[in-house]
Amino acid sequence: MNRPCAIRWLALTAAVALATPALAQKGALQKLGKGEGRVDIVAWPGYIERGATDKNFDWVTDFEKKTGCKVNVKTAGTSDEMVALMNEGGFDLVTASGDASTRLIRGKKVQPINVGLIPSYKHIDPRLQKAPWHYEGNTHYGVPYQWGWNVLMYNTNVFKDKPPTSWGVVFEEQTLPDGKSNKGRVQAFDGPIYIADAALYLMKKRPELGIKDPYELTEDQYKAALELLRGQRKLVGKYWHDAFVQIDDFTNEGVVASSSWQFMANILKSKNRPVATVVPVEGATGWADSTMMHVDAKNPNCAYLWLE
């Protein structure tokens, strides 16, 4: 979440942010042709369902029948894994999060998208149609897919009738409602984008810093966020970046509070685990994923049919 001295939108790493934006060399497709018979997609777990997990959730089978394009999915558990797979090639589409999409654009791994070939694009929320994580240089490089916020997930057996109200529970040492310290029992996300979460907390904790946007910090604000994160190391028993690893940590490793996605909370609740989520008084950061097409996609026609 950080870049030059200022933290930029759903950032990548400072090195990438400092790089001059390099547009993909291949131009956008101008006309749809006959489907190639398949489309290969890198996606987050649960993003592309054909009824195998739950028969009530299947948006692949009907697509395949209507288009003749067989959908092949390679799941990836992290943004870094998605970028690595796209660098290797062999895929048509990827459901990239904001901390991966800009890397793919500037690394020339994705091609421009002709939204004129996607009739339903005009129905997408206008705030997302030209969002900076998939739209650069007056060019579309992705189609908005899903978005959400980073919630605070906690163990209800530990917090009982006193749910946490502040992100301070994962940033500052304190005694939890069960009478024990939070030290070694909380988690933090393992990635530069988490700097924004620290900055968000500091917006209310230290108003004298003058933070207005947790994704765009001055040098002093950036240093303050890093200082907070360094102090947090003493509290964090284990950092997380894989959704299913965090699910296991809340189940078997004694983690009782952490930033999380609603996806993990829903899975844990389905297994009758004692968890709940809350958006603290400081608010929450968020995530947004876009479907992007590889610069060397072998099945662009089926890919466009999927984008629609």
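Predicted model: local features only at pLDDT ≥ 70, side-chain atom pairs only at ≥ 80, totals over all residues.
Q: What are the spans along the principal axes?
A: The C-alpha trace covers about 65 × 45 × 35 Å along those axes.

Q: How does the radius of gyration sit beside that of a compact globule?
A: The two agree. A compact globule with 308 residues would have a radius of gyration near 19 Å, and this protein has 21 Å.

Q: What about helices and strands, how many are there?
A: The secondary structure comes to 12 helices and 11 strands.

Q: What share of the contacts joins residues 24 or more positions apart?
A: Counting contacts with a separation of 6 or more, 71% are between residues 24 or more positions apart.

Q: Let's talk charges. How many positive and negative side chains are there?
A: There are 37 positive and 34 negative ones. The centres of the two sets lie 1 Å apart.

Q: Now to the end of the helix list: is α12 mostly covered or mostly open?
A: Mostly covered. Helix α12 runs over residues 300-307, and seven of its eight residues are buried.

Q: Which ones are they?
A: The buried residues of α12 are Pro300, Asn301, Cys302, Ala303, Tyr304, Trp306 and Leu307.

Q: And what covers them?
A: The cover includes the strands β1 (38-43), β2 (70-75), β3 (93-97), β6 (143-149) and β11 (286-293). Helix α2 (61-67) is also part of the cover.

Q: Changing topic, where is asparagine 182?
A: Asparagine 182 sits in the loop between α7 (168-171) and β8 (186-187).

Q: Is asparagine 182 buried or exposed there?
A: Buried, because its relative accessibility is 0%, and the cut-off for buried is under 20%.

Q: What does the side chain of asparagine 182 reach?
A: The side chain reaches the backbone nitrogen of glutamine 174, at 2.9 Å. Setting aside residues up to four places away in sequence, asparagine 182 touches Val169, Glu172, Glu173, Gln174, Leu176 and Leu235.

Q: What about phi at lysine 108?
A: Lysine 108 is not a glycine, yet its phi is positive, at about 60 degrees. Most residues other than glycine have a negative phi.

Q: Where does lysine 108 sit?
A: Lysine 108 is in the loop between α4 (98-106) and α5 (126-129). With a relative accessible area of 34%, lysine 108 is partly exposed.

Q: Is asparagine 272 buried or exposed?
A: Exposed, because its relative accessible area is 71%, and the cut-off for exposed is over 50%.

Q: One more stop: which helix holds alanine 243?
A: Alanine 243 is in helix α10, residues 243-252. At 8% relative accessibility, alanine 243 counts as buried.

Q: Which residues is alanine 243 in contact with?
A: Leaving out neighbours within four places in sequence, alanine 243 is in contact with Trp261, Phe263 and Met264.

Q: And how far apart are alanine 243 and serine 120?
A: They are 123 residues apart in sequence, and 31 Å apart in space from C-alpha to C-alpha.

Methods:
Residues numbered from 1 in each chain as written. Heavy atoms only, no water. Helix = DSSP H or I, 4+ residues; strand = E, 2+ residues; numbered from the N terminus. Rg over C-alpha atoms; globule rule 2.2 N^0.38 Å. Contact = heavy atoms within 4.5 Å. Lys, Arg positive; Asp, Glu negative; His and termini not counted. Charge placed at Lys NZ, Arg CZ, Asp CG, Glu CD. Buried < 20%, exposed > 50% of the residue type's maximum accessible area, 1.4 Å probe, protein only. Polar contact = N/O pair within 3.5 Å; in protein donor to acceptor, adjacent residues only side chain to side chain.
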